Amino acid sequence: MWSKGIYFVAIDVNKPLAEQGPFDIVLHKLLGEEWRDVIEDFRQKHPEVIVLDPPDAIQHLHNRQSMLQDVVDLNLSDCNGKVGIPRQLVITKDKNPSTIPYEVNKAGLKLPLVAKPLVVDGSAKSHELFLAYDEFSLSELEPPLVLQEFVNHGGLLFKIYIVGDSIKVVRRFSLPNISKRELSKVSGVYRFPRVSCAAASADDADLDPSIAEHPPRPLLERLAKELRHRLGLRLFNVDMIREYGTKDVFYVIDINYFPGFGKMPDYEHVFTDFLLNLKQNKCKKKLTA
Ligand SMILES: Nc1ncnc2c1ncn2[C@@H]1O[C@H](COP(=O)(O)OP(=O)(O)OP(=O)(O)O)[C@@H](O)[C@H]1O
Ligand SMILES: O=P(O)(O)O[C@H]1[C@H](O)[C@@H](O)[C@H](OP(=O)(O)O)[C@@H](OP(=O)(O)O)[C@H]1O
Ligand SMILES: [Mg+2]
Ligand SMILES: [Mg+2]
């Protein structure tokens with residue numbers, strides 16, 4: 001990167017930000033109110049510095065309900081496919097777990113369900129997910145939770161990495177389909193590991209094209225454009241699944257801020273170009289101002 005004039009300087013969080021730098025861009029992935037105040041104060045005093053990305057926009061992805069809300073409002077019907085989110089129900093912290101079966105029945109959610117911690121804070125706990133085959137066992141879980149209908153998707157997931165205007169799609173192995181027969185024979189809630197992590201790459205696997213074919217490019221372009229705008233973020237990835245047996249019905253199940261881009265194809269070039277473009281666009285704005 002330095003050959004392109006890009007120098008990374010580690011920020012010392014124990015020192016005032018204003019005494020460090022000067023910076024063209026502040027790139028961060030720290031959480032918490034204190035850090036948010038530091039960044040917001042810095043942004044007020046240094047509007048010329050690009051903050052990647054604004055803390056309030058990042059915070060939006062730290063709750064699995066608000067995270068997907070912008071997808072619910074999308075209307076991509078004229079883009080070679082349909083994109084939605086699975087039906088889901090939030091169980092707030094104040095709810096007694098024994099009421100979960102009743103709430104699930106009242107909401108009409110269909111089993112099996114994926115139970116996810118409502119808060120996403122980078123901790124291992126926020127990635128502790130469970131598969132629930134019957135609603136009664138859900139009372140074993142600890143709110144706050146989001147309960148999402150499990151969508152059969154042929155055991156394959158698309159991770160769509162967004163870096164500014166760049167879109168890169170990778171295939172990852174995922175949870176296999178759950179048949180009605182299996183659902184009728186199995187009960188309980190089962191914790192499952194991070195099945196779609198980097199090690200679960202399916203890019204070179206020989207898979208049924210109806211499952212493995214990438215989502216249509218026009219759909220991805222529109223989805224990325226809409227989410228960049230609505231989320232106010234430039235660095236994130238989207239986990240999307242194709243409903244098994246359909247050609248172009250997709251569900252967004254997760255959005256992650258500033259994920260492990262190092263696993264993204266052509267990462268170095270994409271990230272370098274992104275940072276250079278940010279700087280160039282800032283200079284252009286200054287010239288025309
Ligand atoms: N509604 C769903 N239907 C089918 N499979 C699902 C659903 N939700 C999650 N999964 C499966 O569980 C995995 C983890 O779910 P999710 O991505 O929401 O968790 P996470 O902890 O945010 O993971 P990440 O490491 O991607 O941040 C998904 O990659 C997918 O394999
Ligand atoms: O460490 P937290 O804040 O929990 O965020 C994780 C994301 O949730 C995951 O989605 C990232 O993995 P992917 O890049 O495979 O999505 C994962 O990437 P990593 O495993 O390369 O760190 C993390 O960014
Ligand atoms: Mg995910
Ligand atoms: Mg996630």
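Predicted model: local features only at pLDDT ≥ 70, side-chain atom pairs only at ≥ 80, totals over all residues.

Biologist: How many helices and strands does the protein have?

Modeller: Both are DSSP runs numbered from the N terminus: helices are H or I with at least four residues, strands are E with at least two. On that basis, the protein comes to eight helices and twelve strands.

Biologist: What radius of gyration does the protein have, against the one for a compact globule?

Modeller: The radius is taken over C-alpha atoms, and the globule rule is 2.2 Å times the number of residues to the power 0.38. For 289 residues that rule puts a compact globule near 19 Å, and the protein agrees with it at 21 Å.

Biologist: What share of the residues counts as buried?

Modeller: Buried means under 20% relative accessible area, exposed over 50%, and partly exposed in between, using a 1.4 Å probe and protein chains only. Of the 289 residues, the buried share is 47%.

Biologist: Is Lys106 buried or exposed?

Modeller: You'll find Lys106 in helix α4 (residues 100-107). Its relative accessible area is 55%, so Lys106 is exposed.

Biologist: Which residue bridges the two magnesium ions, ligand 3 and ligand 4?

Modeller: Donors here are N, O and S atoms within 2.8 Å of the metal (3.2 Å for Na, K and Ca), and sites may look incomplete because water is not among the atoms. Ligand 3 is coordinated by Asp239 (OD) and Asp254 (OD) at 1.8 to 2.1 Å. Ligand 4 is coordinated by Asp254 (OD), Asp254 (OD) and Asn256 (OD1) at 2.0 to 2.6 Å. The ions lie 3.7 Å apart, and the residue bridging them is Asp254.

Biologist: How many residues apart in sequence are the parts that Asp239 and Asp254 tie together?

Modeller: Asp239 counts as buried at 6% relative accessibility, and Asp254 does too at 12%. Asp239 lies in strand β11 and Asp254 in strand β12 (residues 249-257), so the parts this pair ties together are apart in sequence by 15 residues.

Biologist: How many residues of strand β7 are buried?

Modeller: In a regular strand the side chains alternate between the two faces of the sheet. Leu145, Leu147 and Glu149 point one way from β7, Val146 and Gln148 the other way, and all are buried. Strand β7 (residues 145-149) is therefore largely enclosed by the rest of the structure, with its buried residues being five of the five.

Biologist: Which residue stands opposite Gln148 in β7?

Modeller: Two strands pair if DSSP finds at least two bridges between them. Strand β4 (residues 88-91) runs antiparallel to β7 with four bridges, and there Leu89 stands opposite Leu147. Strand β5 (residues 113-117) is also antiparallel to β7, joined by five bridges. Opposite Gln148 stands Val114.

Biologist: How far does helix α8 reach from its first C-alpha to its last?

Modeller: The expected span of a helix is 1.5 Å times one less than its number of residues. Helix α8 (residues 267-288) has 22 residues, with 32 Å expected. Its buried residues include Phe271 and Leu275. The reach of α8 is close to the expected one, at 32 Å.

Key:
Residues numbered from 1 in each chain as written. Chains lettered and ligands numbered in written order. Heavy atoms only, no water.
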